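Trainee: Could we go through this one together? I have the sequence and the model open.

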Amino acid sequence: MSPEIFFQIIVNGLFTGGIYSLVAVGLTLIYGVMIIVNFAHGEFLMLGIYVAFWAWTLADMDPYIVIPFAFAMIFGLGALVQRGLVQRVLDAHPLNQIILLVGVSILLIGLVQFFFSAEPKAIHVPYETAVISAFGLRFAIARLVAFFASMAISFCLYLFLHYTRTGKAIRAVSQSRDAARLMGINVNFIYYLTFGIGAAITAVAGVLLAPNHRMIPTMGQGYSVIAFVVVVLGTMGNFIGAFLGGLIIGVVEAFAGFYLGGDVKIIASMMIFILILLFRPAGLFGRKRT
Amino acid sequence: MTAENPATTSNNPIRSWLKDIFLDWDRTQMVICFLLVLFLALTPLFISSTYYLGIIILATIYAFIGISWNIVAGFTGQLLIAHIIFLAIGAYTTIVLFNTYSISPWVGILIAGVVSGLCGVVVAFITLRYGLKVDYFALFTIALMVALRTLFLKWDYVGGAVGMWFSLTDPSFDKMIFANKAPYLYIALSLVVIGLLVQYRIYRSKMGKYFLAIREDDDAASALGVNTSRYKMLAVVIGAAMAGIGGGFYMMYVTFIEPPQVFNLGLNIEIVMAGPIIGGLGSLAGPIVGALLNKPFAEIMRGALAEGRSGNSLIVYGSFLILTIMFMPRGVTGVLHTIYRRILNRLNPRNLGDS
Amino acid sequence: MALLEVSGITKRFGGLVAVNDLDLSLDKGQILGLIGPNGAGKTTAFNMISGFYQPDEGQVIFDGQDITGLRPDQVCKLGVTRTFQVVKPFPQLTVRDNVMVGAYNRTNDRKESRKKAEKIIEFLGMKDMREMAAGSLSVAYRKRLEVAKALATDPKIILLDEAMAGLRPTETDEMIELVREISRQGTALLLVEHVMRVIMSLAERIVVIHHGEKIAEGEPQQIVQDKSVIDAYLGEVEIDVTG
């Protein structure tokens, strides 16, 4: 393998991984605060990409302009799902939570299919296939933007969680629901907020994919599975872990795709996932088991 | 002490026999189950449409698979989400034995049960050896399913991406191929009857109490002398073996199999999880009640709404799952149980049966 | 030879030594009290004896047999069982089914286990509640159920972890009577208790631990007069002694 190919694979992997990071950060945030595995998580990404498609067909809007709208819309939807549904099963059996979220996922897929049909869709922008060449490597513009935007959003979210009052409240709830409540934090409000943010940044990941990805209503499920892998790899509920885990899985997949072919690359992440579960169940960033 | 219920003093044997059954919720549930089985057995008399019979047969198979999952997830509370792995392995075992080695499905299905059971041993061993906690176990089974799908896609021995199938042109009892639907229904019903009896025996025995104790509190169970690892593994193996048998028969009924179709979370929800959860997870009647509601409902939606815009059936099915969880968290059987206790209370406040 | 001989058990969590070189010994039918301030390592000691934790050092000998490092269910089969400080009922099962799980420790037969469960439920005065879901019991009866379950396993020793914490005075008195009756029937008991009144009236001997180490051992009257005990511990619970 020549160094060019080697570095090209790493670049491609990081570009994919950036999106994974964003999706996984959303998932880990929701898990960290509510201890609930969001089985409908990938569907929020799917909704994001369809919002971009909708804006493009309706008003010829560029996907990057759509980002704030998509964020706001899916934030509202996420908060609503939390308030109306998830909130009521927080203390129920985990299986009931899973089925409920699977129901949400099926419902969302159905709704999108109803409005946009099950046919693959794509949007077309001038920079769709534009590429920059540098250092002997090729960088697709849309993916470059997606990567840096993902980094930036994750970073902003990190700052938000650590340096704002609300962000600190979210972290307080994730550490102890009861203690946070005693300190006068409105825990339910934090829950709506967290689910909203988790869903919204995942939707933004979808919008970022829009310029050069085809979309189908069931595309979210693959991302859900990847997000599970990443989140376990990076320790459930750990922000930095999810972020780095996304990049790692992106690169691993890129190499697996190169050696094994695109259709079986997922087995590499699955093997990593299973090995992590077995030998380091607390994830790369968790405390060691006693 | 209040006065004795007149019925207790009655010497009428039929009456005391009825009391024996109906004062006991477990037995009452079994009566409900067998009434449903009887109803299903009679359906070929008044339904001639092969389409509707087909739905009923699938619902019956789903009931059996649901029972197998109920024992693992409902009784011991283990989050074995991708239970469909065992169904798929059973189906593949049966068709490989049939196509490649010309072994009759009657034997093949039993071997499928053994193979799936052994896979269950492996899965349970890994889980227990490494002490996977609830959520992680759920995700582990999903990852395993995705990995197996990829593996099977590349594995030519089991047909790879092309899948495996057989032709229905040459019906014979030996090959478990029939010209009409009724025999399939009666085989499926026999499986369900066996499944119900196995489930009931387990539930009422020491094993069943231990299963429930593990579900309710692992540590407390082990302080009372329950070898929790052993019983958890036992539940997974029993469930896996039953799912393997069910999968073998499913294969013979649907005639075609390919990896993306069976190693699939969507089908897993429909075939494994939806029934018991709608019916009432952990209850005796849950899997069959749920399967009979879930499958026909999903099919009718698919059929009736196929004319309309695409996505209709998904919308309705998704809402159905959500509404069930929101308004009947203990499933239909949970609602029935509440009604049952209310009736008993009204008849005689002191005669509360086993709950 | 004592029924239970614990010698030199030690448990460390990271840098923290939760229990250090602890010796205990308990004879058949005896009641031994284990006291100490919060975080002294009482529950950790329980966890090591009952098989929930593996000791880093030391041995637990029961009935002449080394049971160090056995699983809780194996320890229970041999005749040592425990209750939990934070009670652990099987909430969705009935009271009778809860006790039956314990009773199945010595039998495989449904009828036999059921009969035994009924007997124990009656002994604990919970007959009217046997069809109720354990999750719907009051705190006092949950504590009792905890004892019932343990008793049903036919133990030679029961480790009672704060079985009376949070009970009202009359409820506590009833529980003391029950424990005394259990002991009279030949079962040895190891009590961890915060309520001094309970320990004083029940225990034949008391072991005091502080920071994971034994600081005193003796009869109740000796213990209350022991200078080091008073310094380390009793000052803190004076209210309980009088109440």
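Trainee: Which strands of chain C does helix α1 lie across?

Mentor: Helix α1 of chain C, residues 42-49, lies across β3 (31-35), β6, β7, β8 and β9 (205-210) of chain C, and it runs at about 150° to β7(C). Helices (H or I, at least four residues) and strands (E, at least two) are DSSP runs numbered from the N terminus, two residues are in contact if their C-beta atoms, placed from the backbone, lie within 7 Å, and axes are lines fitted to C-alpha atoms, for helices over the stretch in contact, with angles from 0 to 180 degrees between N-to-C directions. This is a predicted model, in which local features need pLDDT of at least 70 and side-chain atom pairs count only at pLDDT 80 or more, while totals for chains, interfaces and linings use all residues. Residues are numbered from 1 along each chain as its sequence is written, and chains are lettered from A and ligands numbered from 1 in the order in which they are written.

Trainee: And what is the order of the strands in the six-stranded sheet of chain C?

Mentor: The order is β6-β7-β8-β3-β9-β10 of chain C, in an open sheet with mixed pairing, where two strands pair if DSSP finds at least two bridges between them. Its edge strands are β6 (80-82) and β10 (213-218) of chain C, each of which pairs on one side only. Neighbouring strands in this sheet are turned by 20° against each other on average, direction ignored.

Trainee: In which sense do β7 and β8 of chain C pair?

Mentor: Strand β7 (residues 157-161) and strand β8 (residues 188-192) of chain C are parallel, with five bridges, and C:I157 has C:A188 in β8(C) as its bridge partner.

Trainee: What about the four-stranded sheet, what order does that have?

Mentor: That open sheet in chain C has the order β2-β1-β4-β5 with antiparallel pairing. Because β2 (16-26) and β5 (65-66) of chain C stand at the edges with a single partner strand each, one side of each is left without a neighbour in the sheet. Within the sheet, β1 (residues 4-13) and β4 (residues 57-62) of chain C pair in the antiparallel sense over five bridges, and C:L4 has C:F62 in β4(C) as its bridge partner.

Trainee: Zooming out, how many helices and strands does chain C have?

Mentor: Chain C has ten helices and ten strands. A compact globule of 243 residues would have a radius of gyration near 18 Å, and chain C, with 18 Å, agrees; the radius is taken over C-alpha atoms, and the globule rule is 2.2 Å times the number of residues to the power 0.38. Of its 243 residues, 47% count as buried, where buried is 20 or more other C-beta atoms within 10 Å of a residue's own, exposed is 12 or fewer, and partly exposed is in between, with C-beta atoms placed from the backbone.

Trainee: Moving to chain B, how many helices and strands are there?

Mentor: Chain B has 16 helices and two strands, and 51% of its 355 residues count as buried. Its C-alpha atoms fill a box of roughly 75 × 55 × 45 Å along the principal axes.

Trainee: How many residues does each of chains A and B put into their contact?

Mentor: Chain B gives 37 residues and chain A gives 38. On the side of chain B that touches chain A, the elements giving two or more residues are α7 (134-154), α13 (265-279) and α15 (312-327) of chain B, and α7(B) gives the most, with twelve. The residues of that side divide into 28 nonpolar, six polar and three charged, with Ala, Val, Leu, Ile, Met, Phe, Trp, Tyr, Cys and Pro counted as nonpolar, Asp, Glu, Lys and Arg as charged, and the others, Gly among them, as polar.

Trainee: Is B:A285 buried or exposed?

Mentor: B:A285 counts as buried because it has 26 C-beta neighbours inside 10 Å, and it is found in the loop between α13 and α14 (286-305) of chain B. B:A285 and B:T333 are 48 residues apart in sequence and 6.7 Å apart in space, C-alpha to C-alpha.

Trainee: Last one, in chain A: how many residues of α8(A) are buried?

Mentor: In α8(A), 20 of the 23 residues are buried, so the helix is largely enclosed by the rest of the structure.
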